[in-house]
Amino acid sequence: MKHMPQDTMLTTDITRPDPLLVAQGLTVTFATDQGPLRALDAVDLTLAPGETLAVVGESGSGKSVLSLALMGLLPGTARIEADSLTFEGRDLTAITERDFRALRGTGMSMIFQEPATALNPVRRIGDQIVEAIRLHEDIPVRKARTRAIEALAATGIPAPAERAEAFPHQLSGGMRQRALIAMALVHRPRLLIADEPTTALDVTVQAQILDLIRDLARETGTATLFITHDMGVVAEMADRVAVLYAGRLVETAPSAALFSSPEHPYTVGLLGSMPQMNARGEPMLPIQGTVPDPRVMPPGCHFHPRCPFAAGACLTDRPALRQVRPGQMSACHNAPLIETLGGAT
Amino acid sequence: MMSDMSMTEVAAGSAGRTWRRMRANPTMLIAVTVLLAVLLFALIGPMISPYDPYETALRMRLKPPSAAHWLGTDSQGRDLATRLMYGARTTLMLGLAGVTFAALVGGTIGLLAAFYSRLDNPLMRLVDVMLSFPSILFGLSLAAMMGPGLDSLILAIGLSIMPGIARISRGAALSVMAQDYIDGGRVIGLPDRTLMSRYLLANAYAPILTYTTLAFGDAVLLAAALGFLGLGLQPPTAELGSIAAEGRSFLFIAPHVSFAASALIFLIVLPVNMLGDALRDAADRRAS
Amino acid sequence: MAGRLAHRLLISLFVLLGVLLVGFLMLQVMPADPAAAIAGAQGTEAEIEAIRRHLGLDKPVMVQFALYLSRVVQGDLGQSIINSASVFEQIIGAAGPTLELMCAAMIWSLPLGLCLGIVAALRRGGMLDRVVMAVSVMGVSIPVFWVGLLLVQFAAKTRAFPIQGRAGPIFTPDGFPHVILPATALGLILLGPVARMTRTTLSEALNADHVRTARAKGAGPVRVVLGHALRTALLPIITLVGLQVGSLMGGAVVTETIFSWPGVGRLAVNAITTGDYPMAQGAILFLATAFILVNVAVDVLSELADPRLRGR
């Protein structure tokens with residue numbers, strides 16, 4: 001910090017610490033029998049320590065690819081390119097597999113959509129957490145076991161010592177997800193990636209799990225990258241939101257701004273498909289059609305075949321992500337939408 | 001069971017798609033070529049060979065390959081190439097008879113189990129039991145009860161392959177049973193027999209046929225093993241397994257007798273199994 | 001679990017009964033009068049009559065079957081027509097060598113097949129995978145007797161290994177060389193199927209969610225493959241290998257015949273070709289029963305080993 005040039009000092013916001021995660025131009029391509037398939041296309045993301053960012057999109061938008069790319073868990077057929085991809089200042093594209101492994105579970109952790117299958121079915125819950133502990137800390141099994149039971153207890157699992165002896169199939173879905181959360185947070189990582197962690201759970205359990213993730217993340221100062229398709233979950237959890245469509249970022253905004261004045265027709269559509277939003281009598285714009293096949297992407301704006309405002313440049317030019325108001329970016333030729341809507345009526 | 005599922009999928013592939021994929025896949029092309037060559041050898045060979053496969057000529061015993069006898073002669077002085085042609089023909093016929101028998105019985109069981117749900121449980125229990133039973137035990141038991149020979153051989157092959165076919169047919173027939181036209185046929189009052197033959201079998205036969213074809217390799221291997229053990233067709237009938245067994249007595253003087261017969265069996269079974277593998281791989285890829 | 005297992009055992013019991021019925025029928029179709037055969041050429045009319053009564057041959061068929069069952073349960077499988085030896089004793093004597101041969105075959109082929117399958121699964125679609133799969137398809141397509149004959153030829157030429165018979169238990173210095181060739185031929189039968197099953201099951205397991213979780217924890221490749229993927233894949237592999245005992249048995253019959261290995265398979269083949277019905281009946285009964293028992297054992301073991309089944 002001492003030797004930092006004058007002008008950088010000026011532009012750095014001192015109330016904000018250095019970002020935890022920075023991705024610029026993150027592109028993921030899969031090699032398939034039918035040729036290369038681009039699942040993520042030049043995505044820019046930043047995440048500050050302790051912040052909760054929700055990544056929203058339909059299935060096929062690339063949100064799960066994004067989470068696996070950040071964890072370095074994509075299969076060998078995937079190629080990752082990025083102008084910059086750093087975690088705590090370390091370049092993740094240049095890191096060795098051994099160093100990345102040391103980072104997983106300690107620096108960044110992940111919980112998954114299906115707690116039923118995400119736990120090893122033939123090993124006891126406690127053993128799996130003990131394994132997670134001892135992978136990164138050279139402590140005796142006995143000590144690790146005590147820590148594992150404490151971690152289970154912290155997630156509100158009743159009788160944690162008994163649960164540690166159980167096999168996954170002996171627990172309910174909510175319990176399994178709690179166990180996975182305990183396992184993911186056992187080393188107090190700086191980043192937790194939660195990939196649709198409540199989708200497979202009963203509605204009554206969903207809220208409990210969301211509360212748990214938020215509380216534990218706040219307690220440990222963990223930043224959360226929340227992958228979801230559920231705008232209700234976004235409203236509940238997120239500080240900021242990034243909307244993915246067909247592998248591209250189409251809008252990012254602080255959560256409140258996104259809900260009050262969405263600046264991309266796709267976001268408007270996502271909000272429109274959320275029942276309680278319609279009740280307020282806002283114009284409902286259900287999204288027509290489906291996500292395009294990544295092999296035959298439409299020209300121009302990828303969303304234009306489904307967009308009620310599509311016209312002119314939308315059919316030919318790819319819209320870049322640009323600032324619509326402070327903190328809010330949209331990749332739509334028609335943004336700010338209020339003018340478009342106003343002109344239309 | 002997992003293998004059942006992928007086999008059903010394999011069997012569900014249509015012939016046209018199979019052919020297109022085959023042309024794109026060199027392994028399959030080789031397999032088909034080898035198979036066709038063996039078929040030609042077994043079917044055309046006996047017609048054009050100048051020798052009799054049974055007439056013995058003791059002065060000509062175990063001669064090495066020559067211009068007249070291009071694979072030499074066997075222990076009875078018979079032309080080995082001719083013996084192999086007839087032997088391959090017999091072995092192929094045995095396999096064919098075995099799988100046909102298995103397809104008829106197994107197919108019927110499968111269709112009945114799918115059509116009459118109260119038969120499903122008892123029939124499939126029986127099939128499950130037979131499915132895992134070692135085929136050699138069918139061969140041994142039938143040879144012991146009926147005496148070694150054609151009947152016991154075909155019955156043994158048929159019984160060992162039948163359970164798999166019954167499984168596949170039941171699966172295929174069950175998916176057809178879910179279609180509306182079966183109910184439609186019932187509504188217009190078609191008798192069960194017509195429903196089963198015109199509706200059920202007519203729409204479920206493709207996977208049954210594919211699976212039966214792929215089971216041909218196992219049928220040939222069993223026939224050959226039993227022939228080798230002396231529990232199949234009896235000499236002097238030319239059959240590849242028993243030719244290999246005859247050659248065994250002269251293994252150190254004339255190893256080529258056993259070698260040629262065994263290699264021929266291998267060349268029949270290998271391409272069939274290669275085709276099965278390729279189909280299974282394709283089904284796996286489709287599933288994933 | 002108890003229900004499922006009991007169900008399986010019940011089915012096995014029925015199968016056993018079916019096998020016994022086949023064994024009984026085998027004696028019924030015997031062309032010669034069994035009593036006369038047992039009494040031998042010098043048997044008097046009275047002796048034959050006594051034996052007939054002893055065997056219950058004058059009773060109705062159902063009663064005869066019941067008598068047959070009770071004799072089998074007591075270990076009385078009758079006497080050989082050829083040499084009047086006790087069938088039971090002959091079979092017990094041959095069972096050991098057969099078991100030896102099968103174990104010797106499995107001891108090299110199971111681990112090797114497992115390793116080949118693991119390699120193929122890890123390099124799926126790669127060169128090694130293709131080689132392993134090609135070897136595997138050749139392994140299941142080759143007639144066992146060809147492998148056996150090739151080995152005999154090779155051994156005769158090099159004089160490296162004995163090619164005939166058995167010279168005492170295989171773990172002794174005299175006995176061991178004799179088992180090498182037959183065990184090689186027989187093991188080859190298992191190699192392909194085991195490699196293939198391991199490949200399929202393991203590559204499925206490698207894509208499982210819980211394996212991804214393990215990687216997300218920071219587990220290294222060895223731990224991921226061996227500790228997580230293989231550990232879950234092992235159960236289905238064991239079950240599938242259990243089913244291969246049938247083809248192993250078929251191979252054993254052929255292998256024993258080629259290498260003159262004094263086992264039950266060779267005993268059965270010789271009995272059938274010489275028309276020794278009681279001996280054939282006994283040998284087949286033994287092989288079938290052994291097969292059923294092995295399958296029951298595999299069932300029980302896999303239930304015990306799988307916590308998902310054990311917990312129920």
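In this predicted model, chain A and chain B do not touch, and their nearest C-alpha atoms sit 11 Å apart. There are two pairs of chains in contact, and chains B and C are the pair that shares the most contacts. For the complex, the predictor reports an ipTM of 0.87 and a pTM of 0.81. Chain C comes out with a mean pLDDT of 86, with 95% of its residues at 70 or more.

On its own, chain C is a run of helices: 14 of them, with zero strands. Its C-alpha trace spans about 85 × 55 × 30 Å along the principal axes. Of the 312 residues in chain C, 45% are buried. As for how the chain folds back on itself, 69% of the contacts with a separation of 6 or more join residues 24 or more positions apart.

Where they meet, domain 1 of chain C puts in nine residues and domain 2 of chain C puts in eight residues. On the domain 1 side, that works out as six nonpolar, two polar and one charged.

Now for the B–C contact, which takes 38 residues from chain C and 36 residues from chain B. The side of chain C that touches chain B holds 30 nonpolar residues, eight polar and no charged.

The A–C contact has its own make-up, with 18 residues from chain C and 24 residues from chain A. On chain C, the elements giving two or more residues are helix 9 (209-217), helix 10 (221-243) and helix 14 (307-310). Helix 9 of chain C brings the largest share of that side, seven residues. By class, the side of chain C that touches chain A splits into four nonpolar, seven polar and seven charged residues.

What about the inside? The largest nonpolar core counts 163 residues, and those with the most contacts inside it are B:I165, B:A225, C:A268, C:A280, C:A283, C:I284 and C:L287. Helix 10 of chain B (residues 192-229) supplies the largest share of this core, 19 residues. Both domain 1 (1-78 + 275-312) and domain 2 (92-263) of chain C give residues to this core, so it lies between them. Take C:L287: leaving out residues up to four places away in sequence, this leucine touches B:L137, C:M249, C:V264 and C:A268. Another core, of 95 residues, lies apart from that one, and its members include A:V130, A:L192, A:L249 and C:A216.

Strand 12 (residues 322-325) and strand 13 (residues 328-330) of chain A pair in the antiparallel sense over three bridges. Within that pairing, A:R325 stands opposite A:Q328 in strand 13 of chain A. The two strands of chain A make a hairpin with two residues between them, and A:G327 in the turn takes a positive phi of about 85°.

Methods. Residues are numbered from 1 along each chain as its sequence is written. Chains are lettered from A and ligands numbered from 1 in the order in which they are written. This is a predicted model: local features need pLDDT of at least 70, side-chain atom pairs count only at pLDDT 80 or more; totals for chains, interfaces and linings use all residues. Two residues are in contact if their C-beta atoms, placed from the backbone, lie within 7 Å. Ala, Val, Leu, Ile, Met, Phe, Trp, Tyr, Cys and Pro count as nonpolar, Asp, Glu, Lys and Arg as charged, and the others, Gly among them, as polar. A nonpolar core is a set of buried Ala, Val, Leu, Ile, Met, Phe, Trp, Tyr and Cys residues joined through C-beta atoms within 7 Å. A residue is buried if 20 or more other C-beta atoms lie within 10 Å of its own, exposed if 12 or fewer, and partly exposed in between; C-beta atoms are placed from the backbone. Helices (H or I, at least four residues) and strands (E, at least two) are DSSP runs, numbered from the N terminus. Domain bounds come from an automatic or database domain assignment. pLDDT is the predictor's confidence in each residue, from 0 to 100. Two strands pair if DSSP finds at least two bridges between them.
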